[in-house]
Amino acid sequence: MGKIISVANQKGGVGKTTTAINLAASLAAIEHSTLLIDIDPQSNSTSGLGIDAKSVENSIYELMVGSVKPDEVIRNTDLPYLDLVPSHINLVGAEIEMVDKSQREGVLRDAIEGLEEQYDFIIIDCPPSLGLLTINALTASHSVLIPVQCEYFALEGLGQLLNTIKIVLQHLNPNLDIEGVVLTMYDTRTRLSNQVADEVRRYFDDRVFESVIARNIRLAEAPSFGKPVILYDSVSIGSKSYLALARELITKNKELFKDSPVFA
Ligand SMILES: Nc1ncnc2c1ncn2[C@@H]1O[C@H](COP(=O)(O)OP(=O)(O)OP(=O)(O)O)[C@@H](O)[C@H]1O
Ligand SMILES: [Mg+2]
């Protein structure tokens with residue numbers, strides 16, 4: 001059975017989508033079947049994999065309102081082991097439509113029920129808020145991965161996120177775990193990056209992944225070509241950063257894959 005991991009942080013622009021796309025693609029590149037679910041109305045994971053979000057007919061929205069089944073929304077990508085559930089701007093409406101539904105926090109969990117049997121990993125790219133869409137993602141997940149940008153005020157707002165995780169844990173999903181914190185946009189040349197990394201490690205201790213994501217222009221360019229970085233520039237430092245993160249994630253979860261040939 002696969003593992004469902006939400007990539008979440010309500011702060012905007014910290015590297016959620018870059019991490020979701022490139023972690024998912026790296027897992028797929030090392031032959032772990034992976035599904036990327038875009039649950040952000042901005043649809044950046046969708047366009048980042050080369051799909052024009054405006055032209056998507058069946059998206060995560062249709063799946064969540066129950067008008068289509070998973071196999072009608074899941075798409076193949078350029079990577080054989082990577083599939084995608086695209087998003088659409090109309091997902092904004094879903095958040096409003098869901099408000100007076102009972103069990104509104106469990107809509108995604110119910111919509112993707114059983115899919116973890118088909119994949120090693122399901123990665124969910126969350127929007128930059130702690131609203132109903134992110135709560136749905138956390139409720140549907142086994143764990144949450146938190147990207148933290150190596151910038152001033154890196155830790156700001158994380159208390160709020162941890163509090164939300166605690167509430168979900170207590171009331172909606174008793175199995176939710178923190179997969180770890182990933183330092184993003186790390187620039188070895190600046191003292192600031194090192195200071196932030198030290199501060200985050202002091203706060204989260206061994207919950208911080210050893211693999212650090214370098215600041216790398218290739219990571220920023222790749223989405224405009226509709227490709228994960230591994231297909232855009234496989235030897236770039238950005239590509240290597242996410243491959244290392246994928247390997248570390250697999251090692252951390254090795255009991256899930258003890259029978260996998262990749263791991264042997
Ligand atoms: N390691 C990196 N090196 C260089 N640029 C990066 C890196 N990670 C992310 N970026 C760039 O920073 C910007 C924000 O990244 P991204 O879209 O992944 O953040 P996000 O948290 O998903 O944003 P939002 O909150 O809007 O969903 C993008 O332009 C992206 O290309
Ligand atoms: Mg994003």
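**Exercise 1. Which residues of α12 are buried?**

Solution. This is a predicted model, in which local features need pLDDT of at least 70 and side-chain atom pairs count only at pLDDT 80 or more, whereas totals for chains, interfaces and linings use all residues. Residues are numbered from 1 along each chain as its sequence is written, and chains are lettered from A and ligands numbered from 1 in the order in which they are written.

Begin with the helix: α12 covers residues 237–252, helices being DSSP runs of H or I with at least four residues and strands runs of E with at least two, numbered from the N terminus. Next apply the burial test, by which a residue is buried if 20 or more other C-beta atoms, placed from the backbone, lie within 10 Å of its own, exposed if 12 or fewer, and partly exposed in between. The residues of α12 that pass as buried are G238, S239, S241, Y242, L243, L245, A246, L249 and I250. Finally, these buried residues pack against α1, β7 (177–184), α10 and α11 (229–232).

**Exercise 2. Determine whether T184 is buried or exposed, and list what T184 touches.**

Solution. First place the residue: T184 lies in strand β7. Then count its surroundings: T184 has 25 C-beta neighbours inside 10 Å and therefore counts as buried. For contacts (C-beta atoms, placed from the backbone, within 7 Å), leave out residues up to four places away in sequence; T184 then touches V14, G15, T19, P147, V148, Q149, C150 and I213. As for T17, T184 is 167 residues from T17 in sequence, yet their C-alpha atoms are 11 Å apart in space.

**Exercise 3. Describe the shell around ligand 1.**

Solution. Start with the count: 19 residues surround ligand 1 (C-beta atom, placed from the backbone, within 6 Å of it), and the closest are K16, T17, T18, P128 and A220. Sorting the shell by class gives six nonpolar, ten polar and three charged residues. By element, α1 and α10 (217–221) each supply at least two residues, and α1 gives the most, with three.

Conventions: Ala, Val, Leu, Ile, Met, Phe, Trp, Tyr, Cys and Pro count as nonpolar, Asp, Glu, Lys and Arg as charged, and the others, Gly among them, as polar. The expected span of a helix is 1.5 Å times one less than its number of residues. Two residues are in contact if their C-beta atoms, placed from the backbone, lie within 7 Å.
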